[in-house]
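This report describes selected features of a model, taking strand pairing, nonpolar packing and a chain contact in turn.

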Amino acid sequence: MKKVGSYLFLGFFTILFAFPFYFMLVSMTNPTVEIMQGKLTPSTHLLENWRNLRATYDIGRVFMNSARISVLQTLFSITIASLAGYGFEVYQSRAKNVIFHVLLLSMMLPFAATMIPLFRMFGSFSTTIPFIGLDTVASVILPTLSTAFLIFFFRQNTKMFSRSLIEAGRIDGLSEIGIFIRIYMPTMKTTYAAAAIITFINSWNSYLWPLITLQTQEKQTFPLLISAIGAANNPDYGLLMVAIMVATLPTMIVFFSLQKYFVAGMLGSVK
Amino acid sequence: MKKVSLFLVIFVLGVLAGCGSESSTSGSDAKETSEGQEITIWAWDPKFNIAAFDLAESYYQEDHPDFSINVTEISQQDSVQKMNTIFSSGGTQGLPNIVLIEDFRIRNFLEVFPEYFVPLTDYINVEDFMDYKIEVSSVDGEQYGMPFDSGVAGVYLRKSIIEESGLAITDFHDISWQTFNTLGMQVKEATGKPLFSIDMNDLAHLRMMMHSSGYWYTTEDGETPFIDGNPSLKQGFEDLKMMLDSGVITTHNGWDQLLAGFNSGDVAGVLQGNWITPSVKSEDSHSGDWVVVPVPKQENIDTSVHATNLGGSSIYVLDIDGKEEALHYISEVFGKNIAFYEELVQTVGAIGSYIPAAEGEAYKATDPFFDNQPIYQDFVTWATEIPSVNFGKNTYALEDIMNPVFLDYVNGADLAEGLKNAQAIAENQLN
Amino acid sequence: MRNRLLLKKGALTGWCFIAIPTLLIFFFSFYPMVQAFMMSLQSGTGIGLSFSGLANYRRLFSDQTFLAATKNTLTFLCFQVPIMVILAMFFSVLLNNRALKLKGVFRTIIFLPAVTSLVAYSMVFKSLFANNGVINGILLRLSLVSEPIAFFSSPFWAKVIIVLAITWRWTGYNMIFFLSALQNVDPSIYEAARIDGASPLKQFFNITIPMLKPVILFSAVTSTIGTLQLFDEPMNLTQGGPGNATFTISQYIYNLSFRYTPDFGYASAVSYAIVVMVIFFSFIQFKVGGDDT
């Protein structure tokens with residue numbers, strides 16, 4: 001009985017949650033006029049919409065731009081944040097706790113407020129250290145390379161990491177960083193997976209800072225492209241929906257491939 | 001420790017790798033050729049604005065074959081964000097040579113960051129252009145903007161629906177909003193359809209009404225809030241509420257819903273700037289059934305005319321490398337080329353603000369979609385009557401203050417009090 | 001005793017672990033934040049900023065628009081955070097049940113909203129809740145109302161829609177945090193409790209929740225920060241309307257910076273007003289959450 005209840009509950013919410021996504025899928029196959037009327041059944045315009053999109057925009061290049069930024073951002077960010085989260089939790093000290101709480105402050109100011117100072121900063125890099133100046137991949141990644149959000153996340157999860165594993169590691173003669181790499185990282189796979197998903201999605205969908213720092217059309221990322229397409233007086237909604245779908249696919253794929261790490265059961269334990 | 005420094009090395013390498021794969025270097029986009037430069041332009045809408053720039057490029061290339069433009073498609077909102085950020089940081093890196101800016105916004109920039117804009121005074125003959133477009137971008141006698149599309153507005157109506165209600169299109173010519181409301185009620189009664197829809201989050205229609213009477217949210221100086229005691233504003237509020245209450249107009253939420261309304265036939269018409277024409281034409285089954293009539297005027301306001309404007313933008317040249325080339329491109333094509341404007345209206349449907357071109361054959365063409373009405377000529381005729389208004393630099397701020405007042409009024413609050421409050425808030429907030 | 005050993009061994013190493021991340025944040029976050037604070041002490045338009053001390057902050061208290069925005073933002077906060085955290089936790093526990101089939105499917109679908117594009121889902125929500133939209137259609141069909149509800153023109157319903165939209169979008173996202181944490185809970189603890197005769201509900205309250213406390217705190221704090229900085233949904237779904245009903249502080253900052261004549265000094269001051277609120281709420285949550293740091 002309880003099982004049926006669970007399935008019903010989940011089923012109901014699933015339909016609710018999936019509905020807008022369904023709308024996107026269906027809209028991809030409809031012509032613009034029907035999309036505006038909120039048509040919910042598919043039609044046969046998918047190929048036409050896709051061809052229009054390919055003909056008007058260089059989707060491949062936009063894709064590569066977004067991919068390059070997001071992959072680099074994800075890899076570096078979670079590595080850095082996990083090191084810090086581990087450090088703050090395992091090697092606790094009053095001084096470090098103070099620093100930790102100070103770092104949290106950095107999450108609290110809306111990004112828009114720091115945009116101009118950041119822009120000025122990177123503007124000055126453009127003349128002194130060009131490869132991290134404005135309009136570079138590095139400039140997009142650096143401001144959020146290390147975030148209190150991820151550090152906070154890793155720290156909280158590290159609280160659930162058994163200290164006895166560290167002891168065991170030391171007894172086995174591993175160095176501190178060795179313990180981190182050989183014991184902590186494999187044990188915390190689910191945490192890394194979650195962090196990777198979140199970071200990738202945030203980076204992939206990030207809009208405001210790339211808008212400001214990227215300057216040439218060649219470097220455009222997906223959110224900027226979609227914003228431009230939607231801004232026309234008479235937008236081609238069919239084309240827009242296909243573009244959105246193409247933009248959404250990678251995040252779905254990343255999620256699919258990483259979610260298997262949320263498998264029930266213990267991963268690594270003290271024997 | 002060793003591993004930490006290893007990470008450091010990987011980090012730096014990664015950054016280098018990330019940057020090394022760039023195909024272009026950062027810095028100015030303008031590429032020098034032996035004769036001219038490539039000019040960068042920021043504009044939105046590939047079928048309208050960008051198409052115009054491309055068309056202009058081909059005209060300019062007849063005499064300047066080495067010239068080329070590089071248009072970045074970017075929404076107005078995004079380009080305003082970028083410009084504000086760059087201007088406020090005091091630098092010029094990342095700015096385009098030419099930028100398209102909506103007329104409502106331009107004074108923000110001209111009054112706060114004038115040093116970034118190149119005056120076009122010597123490159124444009126202001127008498128050739130519609131008055132109200134010229135005034136928008138002139139400061140202290142210097143002309144900064146090259147007027148582009150005229151946002152002259154008209155009431156678009158579905159002929160069959162009007163006639164089904166026992167009315168004739170001519171009934172809608174040269175009337176006041178009061179009469180419009182009466183006619184609209186007849187249409188609503190016969191067919192159940194409203195005449196047009198408005199977005200409650202946006203006072204575009206109020207702006208149109210005020211503009212048709214030569215009024216605005218501010219007095220002529222563009223600075224002093226003129227809310228309490230503004231007869232045109234009050235009349236506009238009252239007329240809109242009257243039409244909402246009688247069902248003659250309805251509401252929509254968002255651009256796509258506006259388009260869906262009249263394209264599906266649920267709404268019998270639309271009142272917007274003429275740039276809505278391509279959207280109206282996108283529904284093939286309506287061909288031949290649309291007409292455009294002049295906007296009604298405000299009763300009780302002497303200065304009110306049957307002409308108004310909504311939106312529209314002008315072209316600006318920024319003070320960076322390549323400005324001479326950009327100036328020539330703009331002034332020779334947009335400034336004087338009649339053939340260009342004729343082709344523009346024929347292929348893109350954009351009605352320019354260049355008066356000499358409007359006398360040409362292209363503008364006299366009849367449009368079968370609009371029951372063979374010469375809509376371009378009609379629009380141009382109306383455009384010449386539009387009063388000049390100083391939008392000032394606080395239009396959007398004032399509108400955001402007025403929006404809740406309008407809503408409260410529609411929901412039954414006292415108008416006089418609402419206006420008094422708004423005047424106080426406006427004076428308080430705007431320096 | 002053990003703790004001290006750990007500390008002695010890792011004292012320097014600990015600092016090495018946190019050094020680079022901390023420095024990066026100081027450089028790329030704090031330095032601009034300080035500059036933003038300096039800007040908040042200046043007023044004027046564009047580049048013509050001049051020092052004005054706390055004038056901007058004083059202005060906040062008499063600024064009706066700011067006060068309206070703050071009221072809205074706090075209202076959203078009160079409803080949004082509990083709903084989202086509880087729902088996310090609930091889903092994660094349901095989906096952590098080993099015996100449940102189709103877990104992967106459910107998980108993916110609940111997470112889908114987080115990856116759906118803002119443009120797409122705002123179009124959908126607007127059309128769903130339109131006067132002649134699907135929701136009104138259902139309500140009329142079931143005779144729950146006699147006239148369509150004008151969701152977007154009603155200050156109350158507009159707020160409800162925003163809460164629904166945010167919940168829809170971010171529950172899956174938060175669910176991930178809980179799911180990943182649940183994986184680290186030893187099932188044998190549950191086994192032992194079951195053998196002792198504890199019902200699933202008791203297990204939930206006495207085992208799951210205490211074990212998840214760190215993540216609950218994380219989710220609550222980050223949701224709070226996210227809601228206080230709410231921008232996307234009101235901007236795209238309701239444009240802050242009707243009137244000012246769903247206008248948030250972040251929207252005001254955006255308007256001050258980009259829509260009106262740029263007054264970055266005042267915009268920065270408004271931003272710091274958010275910081276104050278965030279610190280206040282986070283402090284409370286940390287204390288309540290019994291964080292042992």
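## Sheet in chain B

In this predicted model, chain B holds an open sheet of 5 strands with mixed pairing, in the order β2-β1-β3-β12-β6. Its edges are formed by β2 (68-73) and β6 (146-147) of chain B, each of which pairs on one side only.

Within the sheet, β1 (residues 38-43) of chain B runs parallel to β3 (residues 98-102) of chain B, and 2 bridges link the pair. B:W42 has B:V99 in β3(B) as its bridge partner.

## Nonpolar core

The largest nonpolar core comprises 297 residues. The members that touch the most other members are A:M241, A:A243, A:I244, B:I330, C:F178 and C:V270. Helix α7 (residues 155-182) of chain C gives the most to this core, contributing 15 residues.

For C:V270, the contacts beyond neighbours within four places in sequence are C:L60, C:F66, C:I249, C:Y252, C:I253 and C:L256.

## Contact between chains A and B

Contact between these two chains involves 38 residues of chain A and 44 residues of chain B. On the side of chain A that touches chain B, two or more residues come from each of α2 (32-36), α4 (59-90), α6 (111-128), α7 (137-141), α10 (176-187), α12 (208-213) and α13 (222-229) of chain A. Of the elements on this side, α6(A) gives the most, with 6 residues.

By residue class, the side of chain A that touches chain B consists of 21 nonpolar, 13 polar and 4 charged residues.

Terms used. Residues numbered from 1 in each chain as written. Chains lettered and ligands numbered in written order. Predicted model: local features only at pLDDT ≥ 70, side-chain atom pairs only at ≥ 80, totals over all residues. Contact = placed C-beta atoms within 7 Å. Helix = DSSP H or I, 4+ residues; strand = E, 2+ residues; numbered from the N terminus. Nonpolar A, V, L, I, M, F, W, Y, C, P; charged D, E, K, R; others polar. Pairing = 2+ DSSP bridges. Core = buried A, V, L, I, M, F, W, Y, C linked by C-beta atoms within 7 Å. Buried ≥ 20, exposed ≤ 12 C-beta atoms within 10 Å, placed from the backbone.
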